[in-house]
Amino acid sequence: MSEQPLDIQPLIKAAEAAYQHAVAPSSGFRVGAALQTDHGAILTGCNIESPVYLGICAERVALFKALSEGFRKFLALAIVCEEGVHCPPCGTCRQLLWEFAPGLKIILVDKCGTTQWHTIEDLLPKVFERGDRKPFKNND
Ligand code: ZN
């Protein structure tokens, strides 16, 4: 399989831009994420909280945007958080990323620009599997 080379600077810039759109009135903790497809497209997301504590993580917004646009293969996800913090995905996001983006590289970026590199398999070594059920089995 030939993959596009991974240039993380545009991915990090996209995650930083998404970070600016975070809606976090409850926690004040803002997150931006950018997901790169195997075609080189970048889909972004920010965390979104409501006043009654419902919400969604930046990583899932980016993943769901990409899936809803028809993308099915993903290379890397950059996540930007508050200054001095490398924020890994929560458990729910890890499960969904493992299911829809096997082999995904995850780059954690703090607001100073320092990075930590992981794979989804590193972050979720003991995954919940649903047997042979595949997420795209019925329509792809
Ligand atoms: Zn999450």
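A contact here means heavy atoms within 4.5 Å. With that in hand, I opened my notebook on this predicted model.

**Entry 1: the chain as a whole**

I began with contacts across the chain. Of those between residues at least 6 apart in sequence, 61% join residues at least 24 apart. Next I listed the secondary structure and found 4 helices and 7 strands. Read from the N terminus, the elements run α-β-β-β-β-α-β-α-β-β-α. The radius of gyration is 15 Å, close to the 14 Å that the globule rule gives for 140 residues, so the chain is as compact as a globular protein of that length. I also noted the span of the C-alpha trace along its principal axes, which is about 40 × 35 × 30 Å. Buried residues make up 41% of the 140 in the chain. The accessible surface comes to about 7,700 Å², and 55% of it belongs to carbon and sulfur atoms.

**Entry 2: the zinc ion**

Which residues coordinate the zinc ion? I found Cys57, Cys90 and Cys93, each through its SG atom, at 2.3 Å. Along the chain these donors follow the spacing C-x32-C-x2-C. Cysteine 93 is buried, with a relative accessible area of 1%. Cysteine 90 has a relative accessible area of 32%, so I wrote it down as partly exposed.

I turned to strands β1 (residues 32-37) and β2 (residues 42-46), which pair in the antiparallel sense over 5 bridges.

**Entry 3: helix α2**

Is helix α2 (residues 58-68) largely enclosed or open? I found that 8 of its 11 residues are buried, so the helix is largely enclosed by the rest of the structure. The buried ones are Ala58, Glu59, Arg60, Val61, Ala62, Leu63, Ala66 and Leu67. What covers them includes β1, β2, β3 (48-49), β4 (55-56), β5 (74-80) and α3 (91-100). Just after α2, I came upon glycine 70, with a positive phi of about 95°.

**Entry 4: the nonpolar cores**

The largest nonpolar core has 24 residues. Those with the most contacts inside this core are Leu35, Leu63, Phe74, Leu104 and Ile106. At least two residues each come from β1, α2, β5, α3, β6 (105-109) and α4 (120-123). Helix α2 gives the most, with 5 residues.

Setting aside residues up to four places away in sequence, its partners include Leu11, Ile42, Leu63, Phe74 and Leu104. Alanines are there too, among them Ala41, Ala62, Ala66 and Ala76. A second, separate core has 13 residues, including Ala14, Ala15, Tyr19 and Val80.

**Entry 5: a tyrosine to look at**

My last stop was the loop between β3 and β4, where tyrosine 53 is found. Most residues other than glycine have a negative phi. Tyrosine 53, though, has a positive phi, near 70°. Is its side of the story buried or exposed? With a relative accessible area of 70%, tyrosine 53 is exposed.

Notes
Residues numbered from 1 in each chain as written. Predicted model: local features only at pLDDT ≥ 70, side-chain atom pairs only at ≥ 80, totals over all residues. Heavy atoms only, no water. Donors = N, O, S within 2.8 Å, 3.2 Å for Na, K, Ca; no water. Buried < 20%, exposed > 50% of the residue type's maximum accessible area, 1.4 Å probe, protein only. Pairing = 2+ DSSP bridges. Rg over C-alpha atoms; globule rule 2.2 N^0.38 Å. Areas by Shrake-Rupley, 256 points an atom, 1.4 Å probe, with all protein chains shown as cover. Core = buried A, V, L, I, M, F, W, Y, C linked by side-chain atoms within 4.5 Å.
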